[in-house]
Amino acid sequence: MGPLFYKLPAQHIIPDYKEAARYSGYTQPICDSDIVSAKIKDCCSQLQKILMPQAVFQEFPLTVLPPDQADGPSTIQFANITIKSKDLGTNLKGCSSIVLFAATIGPMTDTLIRKTQNTGSADAAFMQACGAMFIESFVDLLNDYIKQNALCRGLKSHPRYSPGYGDVPLSFQKNIFNLLPCSKIGLTLMDSLIMAPEKSVTALIGLE
């Protein structure tokens with residue numbers, strides 16, 4: 001199976017104001033009359049007008065070899081890639097295939113966030129938080145889409161896992177970019193391993 005693309009209209013990404021508040025570090029309850037709530041809703045409104053949610057994903061056959069010794073790393077193999085990882089081995093235990101994906105909400109989000117930061121606006125932190133909320137909300141919808149497709153085939157999906165977590169280095173992103181046509185959704189990986197646009201996510205999902 002080749003790469004598949006997933007796109008949604010911006011209005012399908014419903015703002016989660018409480019989650020945006022959490023990303024901004026605001027832990028107190030918010031209400032409609034709260035100044036913080038008003039700022040978050042305003043930032044979400046501005047961002048939602050320019051979102052371009054799109055993703056690419058592809059499924060590959062997977063082999064997970066057990067550790068050579070107790071409590072050691074498993075050997076994970078797919079698409080001519082081999083990685084040793086204890087954490088990923090635990091996540092992918094019992095899986096026979098793996099889905100790699102890359103998702104973004106588009107370059108205009110980064111542009112608006114930078115513009116807010118450059119003006120020294122106090123809203124910059126809220127704009128960052130709302131951007132983080134939108135990409136995570138989009139990835140959650142993508143995750144559900146992949147999960148439902150797997151269920152239709154009698155497969156169970158494992159929790160998604162992103163490079164940079166646990167013992168999987170951030171450099172593993174290079175493998176994802178080598179295997180997926182990320183440029184077709186306007187996504188690139190810089191030498192610093194930072195993605196452009198920044199409000200983007202790469203991850204893998206095991207299918208059992």
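Analyst: Helices (H or I, at least four residues) and strands (E, at least two) are DSSP runs, numbered from the N terminus. This is a predicted model, where local features need pLDDT of at least 70, side-chain atom pairs count only at pLDDT 80 or more, and totals for chains, interfaces and linings use all residues. Residues are numbered from 1 along each chain as its sequence is written, and side-chain values use heavy atoms, with hydrogens and water left out.

User: Ok, what's the order of the strands in the open sheet?

Analyst: The order is E3-E4-E5, three strands with antiparallel pairing. Strand E3 (63-65) and strand E5 (81-85) are the edges, each pairing on one side only.

User: And how many bridges link E4 and E5?

Analyst: Five bridges, with strand E4 (residues 74-78) running antiparallel to E5. In one of them, Gln77 has Thr82 of E5 as its bridge partner.

User: What holds strands together anyway?

Analyst: Strands of a sheet pair through backbone hydrogen bonds, either parallel or antiparallel.

User: Switching to helix H4: which residues are buried there?

Analyst: Thr109, Asp110, Leu112, Ile113 and Thr116 of H4 are buried (under 20% relative accessible area; exposed is over 50%, partly exposed in between, with a 1.4 Å probe and protein chains only). They are on the same side of H4, because they cover an arc of only 165° around the axis, taking the directions from the helix axis to the C-beta atoms.

User: What's on the other side of H4?

Analyst: Lys115 and Asn118, which are exposed.

User: Which helices do the buried residues of H4 pack against?

Analyst: Helix H2 (35-48) and helix H5 (124-152). Contact here means heavy atoms within 4.5 Å.

User: How many residues are in the largest nonpolar core?

Analyst: It has 36 residues, and Ile40, Phe101, Phe134, Phe138 and Leu142 have the most contacts inside it. A nonpolar core is a set of buried Ala, Val, Leu, Ile, Met, Phe, Trp, Tyr and Cys residues joined through side-chain atoms within 4.5 Å. H5 gives the largest share of this core, 11 residues.

User: What does Leu142 touch?

Analyst: Leaving out residues up to four places away in sequence, Leu142 touches Tyr6, Ala55, Phe57, Phe101 and Ala103.

Terms used
Pairing = 2+ DSSP bridges.
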